[in-house]
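Biologist: I have the sequence and the coordinates open side by side. May I put some questions to you about the fold?

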Amino acid sequence: MNPRAVMLDRLPLDRGDLDFAPIRAEVDTLVCHDATAPTAVAGRLAGFDVALVNKVPLDREALAAADRLKLVAVMATGTNNVDLDACRELGIVVCNCRGYATPAVVQHVTALLTALATRWQDYDAAIRRGDWQRAGTFCLLDYPIAELAGRRLGIVGHGELGRGVARVAEALDMEVLVAERPGAGDIRPGRLSFEAVLAQADALTLHCPLTETTRHLFDADALARMPGHALLINTARGGLVDEAALAEALRAGGIGGAGIDVFSTEPPPADHPLLADDIPNLILTPHSAWGTLEARRRLVSQLAENLRTFRVGAPIRRV
């Protein structure tokens with residue numbers, strides 16, 4: 001008999017535009033909840049063999065109480081919301097999804113990078129304020145525009161996403177600098193030390209996981225070592241950047257601009273340092289880099305594959 005499955009947080013994966021038929025074909029029952037509060041997790045896992053989860057935390061207590069649970073199918077790549085040690089001890093398989101959003105994230109990084117270099121958001125606001133009309137000239141050049149060709153792009157995290165961004169950067173005639181892991185004793189061929197990339201890159205894009213060693217990797221000291229014109233793009237995890245330090249660096253002109261898609265708290269509170277209205281050349285997006293319809297359809301397809309292979313005893317994408 002096929003397993004019974006519960007999806008704990010359908011939103012924002014599905015905005016009413018996805019077909020879950022491939023998933024339903026692999027289970028006997030699929031119960032979907034738009035969202036699940038931490039206090040409701042244990043109750044909603046009861047009686048189910050499979051939990052499909054995106055960002056809802058699955059801690060040891062909830063997992064131990066779910067006596068039928070055999071598979072956690074993570075509807076994302078990151079698994080920091082799942083107690084993997086508890087799953088291992090309880091014999092619960094954990095599978096994630098990988099590479100489904102690469103084209104979407106690469107596109108988003110490219111858009112942030114080009115927007116910051118050409119100051120799109122500032123010129124759009126200037127036209128709406130009437131600055132161009134008052135200037136009376138055929139063009140407005142109040143904000144400095146930089147060409148990306150010939151500039152150096154530093155990549156921190158050279159997995160599938162980092163490599164995808166590198167290919168686009170090379171097409172833009174940028175020089176790609178791949179950073180070695182921070183603190184690494186040996187520098188692998190084709191890479192530079194993290195410190196060297198920090199000092200040399202005209203723009204930096206982050207694609208590494210959030211761990212205890214990478215938390216606040218870009219703190220006030222790291223930001224101060226970047227060139228004053230450098231751009232910082234973060235579509236990975238908010239905790240990689242000390243957000244208060246970034247706000248101050250941008251205000252002081254310590255770096256040239258930043259494009260941020262991820263925050264340490266999501267959604268950010270009203271008093272979040274990056275939401276202040278006096279920060280120049282900062283573009284914020286709401287953790288949306290991954291979310292194209294095409295990427296979300298690929299995610300559904302991978303989830304169905306994960307369920308099918310688990311059901312026949314040969315799970316793929318196992319964490």
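Biologist: How many bridges join strand 9 to strand 10, and do they run parallel or antiparallel?

Modeller: Please bear in mind that this is a predicted model. Strand 9 and strand 10 (residues 257-260) run parallel and are joined by four bridges. Within this pairing, Leu 231 has Gly 257 of strand 10 as its bridge partner. To get from strand 9 to strand 10, the chain passes through helix 11 (residues 243-252), and this β-α-β crossover is right-handed.

Biologist: Are the faces of strand 9 covered or open?

Modeller: Both faces of strand 9 (residues 231-234) are covered. Leu 231 and Ile 233 are buried on one side, and Leu 232 and Asn 234 are buried on the other.

Biologist: Which strand holds the bridge partner of Ile 155?

Modeller: The partner of Ile 155 is Val 178, in strand 7. Strand 6 and strand 7 (residues 175-178) run parallel, with four bridges between them. Together with helix 8 (residues 160-171), these two strands make a right-handed β-α-β unit.

Biologist: How many residues of strand 6 are buried?

Modeller: Four of the five residues of strand 6 (residues 152-156) are buried, so this strand is largely enclosed by the rest of the structure.

Biologist: Let us change topic to helix 5. What is its reach from end to end?

Modeller: Helix 5 (residues 102-118) has 17 residues and reaches 24 Å from its first C-alpha to its last. That is close to the 24 Å expected at 1.5 Å a residue.

Biologist: How many of its residues are buried?

Modeller: Twelve of the 17 are buried, so helix 5 is largely enclosed by the rest of the structure. Among them are Val 105, Val 106, His 108, Val 109, Leu 112 and Leu 113.

Biologist: Why does Leu 113 count as buried?

Modeller: Leu 113 has 5% relative accessibility, and buried means under 20%, so Leu 113 counts as buried. The C-alpha of Leu 113 lies 15 Å from that of Val 262, and the two are 149 residues apart in sequence.

Biologist: What follows helix 5?

Modeller: Arg 119 follows helix 5, and its phi is positive, near 55°. Most residues other than glycine have a negative phi.

Biologist: Which other arginine has a positive phi of about 55°?

Modeller: Arg 317 has such a phi, although it is not a glycine. Arg 317 lies in the segment after helix 12. The C-alpha of Arg 317 is 9.9 Å from that of Leu 303, with 14 residues separating them in sequence.

Biologist: Where is Leu 303, then? Is Leu 303 buried or exposed?

Modeller: Leu 303 is in helix 12 (residues 293-311). Its relative accessibility is 0%, so Leu 303 counts as buried.

Biologist: What about Asn 281: where is it found?

Modeller: Asn 281 is found in the loop between strand 10 and strand 11. Its phi is positive, near 45°, and at 6% relative accessibility Asn 281 counts as buried.

Biologist: Finally, which residues lie nearest the centre of the second largest pocket?

Modeller: They are Gly 157, Arg 181, Pro 182, Cys 208 and Pro 209, from a lining of 16 residues. By class, the lining has six nonpolar, six polar and four charged residues. The space in this pocket is about 280 Å³.

Notes
Residues are numbered from 1 along each chain as its sequence is written. This is a predicted model: local features need pLDDT of at least 70, side-chain atom pairs count only at pLDDT 80 or more; totals for chains, interfaces and linings use all residues. Side-chain values use heavy atoms; hydrogens and water are left out. On a 1 Å grid over the protein atoms alone, a cavity is a set of points where a 1.4 Å probe fits but cannot get out, and a pocket is an open set with protein on both sides within 12 Å along at least five of seven lines; lining residues have an atom within 4 Å of a point. Grid points are joined across faces, edges and corners, and a volume is the space filled by probe spheres set on the points. Ala, Val, Leu, Ile, Met, Phe, Trp, Tyr, Cys and Pro count as nonpolar, Asp, Glu, Lys and Arg as charged, and the others, Gly among them, as polar. Buried means under 20% relative accessible area, exposed over 50%, partly exposed in between (1.4 Å probe, protein chains only). Two strands pair if DSSP finds at least two bridges between them. A crossover is right-handed if, with the strands pointing away from the viewer, the path from the first strand over the helix to the second runs clockwise. The expected span of a helix is 1.5 Å times one less than its number of residues.
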